[in-house]
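Dear colleague,

Please find the structure below, handed over for you to look at beside its sequence.

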Amino acid sequence: STRESKEEYFKEYLGGSGAAAKILYEEFDFQVDPFSADNPIIFMNGLLTGIGVPAAAKSSFVTKSPLTGIWAEATVGGHWGNQVKRCGYDGMIITGKSPKPVYLWIDDNEVSIRPASGLWGTVTFDTQQLIQDELGDQNIRVACIGPAGENASRIASIVNERQAAGRGGLGAVMGAKNLKAVAVRGSMQVPVHAQAEFQEVLTFMHSSIQNSEPLS
């Protein structure tokens with residue numbers, strides 16, 4: 001199901017791990033076992049992800065850590081979060097457990113759950129390629145786990161492209177849910193308030209970067 005993002009989460013906590021922390025604190029029981037179906041994985045984009053700001057394509061992955069038993073947060077770059085935003089989503093909250101391995105496929109505003117038994121046991125780079133091949137588009141971006149996550153290693157990462165959400169055993173929580181991957185493809189234009197003023201700032205940033213002197 002989908003829901004509207006709360007504007008105050010983004011004004012007060014600036015999206016990303018701040019907004020994810022607010023959701024985790026308000027909506028979930030933090031006494032649950034990290035491998036419980038009730039322990040959520042929260043994927044949340046940063047405030048500037050998906051709108052072309054240099055070095056701002058960040059996504060945060062948040063859950064209760066199977067490694068420490070407390071808060072787990074990891075932030076990564078890459079194109080995955082940008083595609084989530086271009087699907088029209090600020091993030092996602094995943095709970096429950098599938099009886100069999102699956103992956104989540106988000107194609108703009110269409111969301112489906114697909115079987116992943118054939119992907120189980122594959123390393124992350126191969127998983128990304130296999131999903132792109134299966135769906136027929138090499139531009140699809142994939143966040144996934146490898147054998148470490150599947151086998152509940154408490155240091156398992158979630159990987160998208162070559163970016164790893166590597167702290168706290170987040171990959172093991174995905175594995176406990178039998179969730180192999182989240183694949184996304186977005187084509188929507190992300191709306192921006194005060195577009196003209198924003199474009200001026202963006203032009204200035206690009207010019208500053210291009211004209212900056214390299215460090216010696």
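**What was found**

The secondary structure of the protein chain comes to seven helices and 10 strands, where helices (H or I, at least four residues) and strands (E, at least two) are DSSP runs numbered from the N terminus. This is a predicted model, in which local features need pLDDT of at least 70 and side-chain atom pairs count only at pLDDT 80 or more, while totals for chains, interfaces and linings use all residues. Residues are numbered from 1 along each chain as its sequence is written, and side-chain values use heavy atoms, with hydrogens and water left out.

Of the 216 residues of the protein chain, 45% count as buried (buried means under 20% relative accessible area, exposed over 50%, and partly exposed in between, with a 1.4 Å probe and protein chains only).

Helix 2 covers residues 16-27, and within this helix G16, A19, A20, I23 and L24 are buried. Seen down the axis of helix 2, these buried residues fall within an arc of 135 degrees, so they line one face of the helix; the arc is that of the directions from the helix axis to the C-beta atoms.

Turning to a loop, L48 lies between strand 1 and strand 2, and L48 is partly exposed, with a relative accessible area of 38%. Leaving aside neighbours within four places in sequence, L48 is in contact with V53 and A56 (contact means heavy atoms within 4.5 Å). L48 and H193 are 145 residues apart in sequence, and 12 Å apart in space, C-alpha to C-alpha.

With kind regards

Note on methods. Expected span 1.5 Å × (residues − 1).
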